[in-house]
Each structure stands twice: as structure tokens, then as C-alpha cells.
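Here is a friendly walk through a few side-chain arrangements. Keep the viewer open as you read, and select the residues as they come up.

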Amino acid sequence: MKKAYLPLVTLICISIAAILTVLQQYEIIALPAGALTSIRWAGTGVLLLYGLQKRSLTTWILISMVVGAQIGYDFPQVAQNLNVLSKVFLKLIKTIIAPLIFATLVVGIAGHANLKQIGSMGWKALLYFEVVTTIALFIGLAAINISKAGEGIDMTGIAETEEIQAPVKQTWSDIILHVFPENIAKSVAEGQVLQIVVFSVIFAIGLAMVTEKKRKPMLDFCESLSETMFKFTNIIMYFAPIGVGAAIAYTVGHMGFGILVNLFQLLATLYVALLAFVLLVLLPIALIARIPIVRFLKAISGPVSIAFATTSSEAALPRAMEEMEKLGVPRRIVAFVMPTGYSFNLDGTTLYLALAAVFVAQAAGIDLSWEQQLLMVFTLMLTSKGVAGVPRASLVILLGTVASFNLPVWPLFAILGIDELMDMARTSINVTGNCLATAVVARWEGEFDPQPETGLVETTNPDLEVRKEEEVPA
């Protein structure tokens, strides 16, 4: 079989197997059980051949989800014993959380210790970031509470093997006291993500206040730690296909294919919510700031395409900075707002985290109050700072926060199966939001000068421009 035809053949085989399985499930057709099983595994075999050709981690995560679902459906007893592999993956992920949050927050805050010199541009940018990301948070909360994508999952079997506990009802005083750490080592050991964030923020502010000579060694250490933890994450993600496949097998073995319907509802909810965010928030902001919409869209098309394909915001950073400067944003504003926005202005990621966190609670049958939902997504908004450049890094943050709120983790393994499709969309919105933020801050500063597509700045022959000016009649 030619390699060029393998993706098409794979898609056809998997589609036929899926359609026949659904029709059999709803008793529309009646095929012999052995024949249907053979068709499904034949399709899976073709999918494995495609994976060997592609050799991509994302591809193998998706393949492992299909294989895991097959094992869970056809061999439920075997699937129960695979749960240990998903727990190994979970434990490895949890080891990353504390050092990654600490390092990224310290670098993000203390690394911009010159904010006080930047003056008005600094506070305007930060104010814009926090307002827009907060709106994204509330849109995400509203979307998942309207769609209720996580509700209706059959919990038979899961409740017997998973420790599912609803978060303890707390007063506002309890919530406030719980935010502040009394012992950072204890907070790390117990996985108290918000306490780690508070310690890291205060530590970073203190570091920013010391002299450059004393700040640089610690900042260099944190930058090195941050990079190391990102590489640590990449290493662990090579185990992701096994962990995800085992988790899906275990879940489907208990609940059947019903959870897949909920996952597609979650995917649709995310795309609709992101579209609503663009139309209801970003577009009005662009109009109010008098940003040339058509030229802006043309400028960001390249960076957004890169972000969509790589699912990494930072992969698009150099191109985005170049395009914003061409659009008419001064270089000094681009150089400050764009990198800072990659730490503090994660519109798509914030919206996604709100969706995913509440989806986990809905899947577990836990009814969270608005206060608990707001506290959880506020925690996620803080802990997500600085991780936009690494694909699937949001999984690390999400796992830590969900565990600290006593929610089960099995829905997250199901989410990871479609995480690539969600990551493409949320990363594209991250890049779009940061590009718009750069233009808005420049307009706010009175320094946005949108260059025409043909004008003096693009002319390579200055003598020609002089002659043109002289030819203009008085």
C-alpha cells in the first residue's frame, strides 16, 4: 500500500468500524458479535500502521485512545488490571506541578522587574490582560454550565474503585485562610496548588525588589529550573500513550462507549465558547480601539496558522512580533507586551481550563456551588501563567488543581484523548488575543500608527519618493 493512500484508508476503515458499532449498539443492524469485533480490530490494525508511518506523539495518543477503547469494550476484565499504568502516569505528572509553577511564576514576575520603569505601558497592559482573561473565564464557566457536557455519564463501577469526594463546604473565611501557606513544604507535599502560587508570587515580588547583583543568580536558577521541568514534562509525555490508553480502557470497560459522546459534547462546547469569545469580546475591543480589522486578520493569519499546527503559542512568537511591528506597533511596545502576554494573557487556555475543570466535576456527579467553581477556575487562571509555550502543559496544571479539590482524575485521561483538537483552538485564540493586546496597548499609548499596505515606509528608493512629492501640485 502506498504511504500516500494510508491516511485515507485509515480514515475509511475506522469510520466503517465506528458506524457499524454504533448501529449495532442501537440495534439498528444485527451483525454476529465475532464479525463486528474482527472489523473493529482490522480497522485498529490499519490505524497502527498509520501510527508507525507518522511517528508523532500526538498521533500515538489518539491511537492509544482507540486501542484502549477497544480493549475496554471487548475485554473489560483485562481493562481493570490496566488501571495501574494510568496511575503511574498520574504520579509522574504530579511530580512536575510544584517546581513548574514556582519556576514559571518567579521568572514571569521577577523577570519583568523593570515594570516600574516602563510606567504607564506596564499597568495598562496588565490591566488589559486581567480584564480580558477574567471575561474568558466567565464565558467558559457559562458555556459548560449551559451545555452540561459532563452530565449523564454512567458511574457504575467507577464509584466503587475511585475515591470520589465532593469538596468540603467552606465559608468565605475558610477559603481565604486556605489560600495562604503556613509551610511551603507541607503545601507541596499535599498538592495545595493555590498556596504554592501565593508563595511563588510573594517570593517573586521580593526577588524583584533586591539589587540586580543579588537577583540574577536566583533568576538564572529559576529559568534553568523552568526549562528543565518543561523537558521533564516532554519526557513523561512519551509515556502518555500508554497511560491514556490504559485509562480509556479502564473507563470504557466500566461504562461502555457512552463517555465518548460526552467528550464530543465538550469539544463542541469549547469551540462554540471560543467563537463567542472572539465575537463578543475580541471583536468589540478591536472596533473600540479602532484597529483595522481586515489588515489585522491578514497580519495574524501566519502566526495563528503556526500556533494551530504546532499547538504551541511560543512557536508563533517571532512571526507574531514581526507582523505586529509591520502593522504599525512600535518595537518597544511589541517587545514588552507580546512576551508578557504569553505569561499573563492566555485567553484560550483560561477558557479551556474553566470548561475542563467543571466537566470533571459534572462527570463525577459532584454539584459545585458557584463559589467553589470560581475558586477553582481562579486557581487555574493563576497557575496557568507561563506555560503557554509547551503543548499539553495545561494537563499538568489541571491535574494538580483537580486533585487539590478532591475531584477524580479519570475524566482527565478521557479529555487527553481529544486534547490535541482542543489545544489547536485554544492556542490559536491565545496568539490572536496577544496580538490584539499589543495593538490595543499601542493605541492606548497613542503610538499605534497603522502603516498602509503601500506607502513611504515600504518604498526602497527614497529618491523616487522625493520625485513623487515634487510632482504633487500645490
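## Salt bridges

A salt bridge here is a side-chain nitrogen of Lys or Arg within 4 Å of a carboxyl oxygen of Asp or Glu. In general, side chains of opposite charge can pair when their charged atoms come close. Please keep in mind that this is a predicted model. Glutamate 322 has a relative accessibility of 41%, so it counts as partly exposed.

How far apart are the N and O atoms in the salt bridge of arginine 215 and glutamate 212? The distance is 2.4 Å. Arginine 215 and glutamate 212 are separated by about one helical turn because they are 3 residues apart in helix α12 (residues 212-237). The two partners can be told apart by their accessibility: arginine 215 is buried at 12%, whereas glutamate 212 is partly exposed at 47%. Lysine 148 and glutamate 151 also form a salt bridge, with 4.0 Å between the closest N and O atoms. Lysine 148 is partly exposed, at 37% relative accessibility, and glutamate 151 is partly exposed as well, at 41%.

## Aromatic pairs

A pair of aromatic rings is described by the distance of the centres and the angle of the planes. The structure holds 6 aromatic pairs. In one of them, the ring centres of phenylalanine 102 and phenylalanine 203 lie 5.3 Å apart and the planes meet at 55°, so this pair is tilted. Phenylalanine 102 sits in helix α5 (residues 83-110) and phenylalanine 203 in helix α11 (residues 193-209), so the pair ties together parts that are 101 residues apart in sequence. Phenylalanine 102 is buried, with 16% relative accessibility, while phenylalanine 203 is partly exposed at 28%.

Another pair is formed by tyrosine 128 and phenylalanine 129, with 6.4 Å from centre to centre and 70° between the planes. This pair is edge-to-face, because planes over 60 degrees apart are counted that way. Back at phenylalanine 102, ring pairs join Phe102, Phe199 and Phe203 into a cluster.

## A charge over a ring

Which ring lies under the charged end of arginine 426? That ring belongs to tyrosine 352, and the charged end of arginine 426 is 3.9 Å from its centre. The side chain of arginine 426 also makes a polar contact with the side chain of aspartate 423, at 3.2 Å. Aspartate 423 is part of helix α22 (residues 419-444). With a relative accessibility of 4%, aspartate 423 counts as buried.

## Contacts across the sequence

Helix α5 also holds leucine 105, which is buried at 3% relative accessibility. Leucine 105 and threonine 383 are 278 residues apart along the chain, yet their C-alpha atoms are separated by 8.2 Å.

Is phenylalanine 405 buried or exposed? At 15% relative accessibility, phenylalanine 405 is buried, because the cut-off for buried is under 20%. Phenylalanine 405 and alanine 361 are 44 residues apart in sequence, with 9.8 Å between their C-alpha atoms.

## A nonpolar surface patch

Leu8, Ile12, Ile16, Leu31 and Ile39 make a nonpolar surface patch of about 400 Å². Which helix gives the most to the nonpolar patch? Helix α1 (residues 6-25) does, with 3 residues. Isoleucine 16 lies in helix α1 and is partly exposed, with a relative accessibility of 45%.

Key
Residues are numbered from 1 along each chain as its sequence is written. This is a predicted model: local features need pLDDT of at least 70, side-chain atom pairs count only at pLDDT 80 or more; totals for chains, interfaces and linings use all residues. Side-chain values use heavy atoms; hydrogens and water are left out. Rings of Phe, Tyr and Trp (its six-membered ring) pair if their centres lie within 6.5 Å; planes under 30 degrees apart count as stacked, over 60 as edge-to-face and the rest as tilted. Helices (H or I, at least four residues) and strands (E, at least two) are DSSP runs, numbered from the N terminus. Buried means under 20% relative accessible area, exposed over 50%, partly exposed in between (1.4 Å probe, protein chains only). A charge sits over a ring if NZ of Lys or CZ of Arg is within 6 Å of the ring centre and within 35 degrees of the ring normal. A polar contact is a pair of N or O atoms within 3.5 Å; within protein, one must be able to donate a hydrogen and the other to accept it, and residues adjacent in sequence count only if both atoms are side-chain atoms. Patches are made of residues with over 30% relative accessible area and no salt bridge: like charges are joined within 9 Å, nonpolar side chains (Val, Leu, Ile, Met, Phe, Trp, Tyr) within 5 Å. Accessible areas come from the Shrake-Rupley method with a 1.4 Å probe; for residues, only the protein chains shown count as cover.
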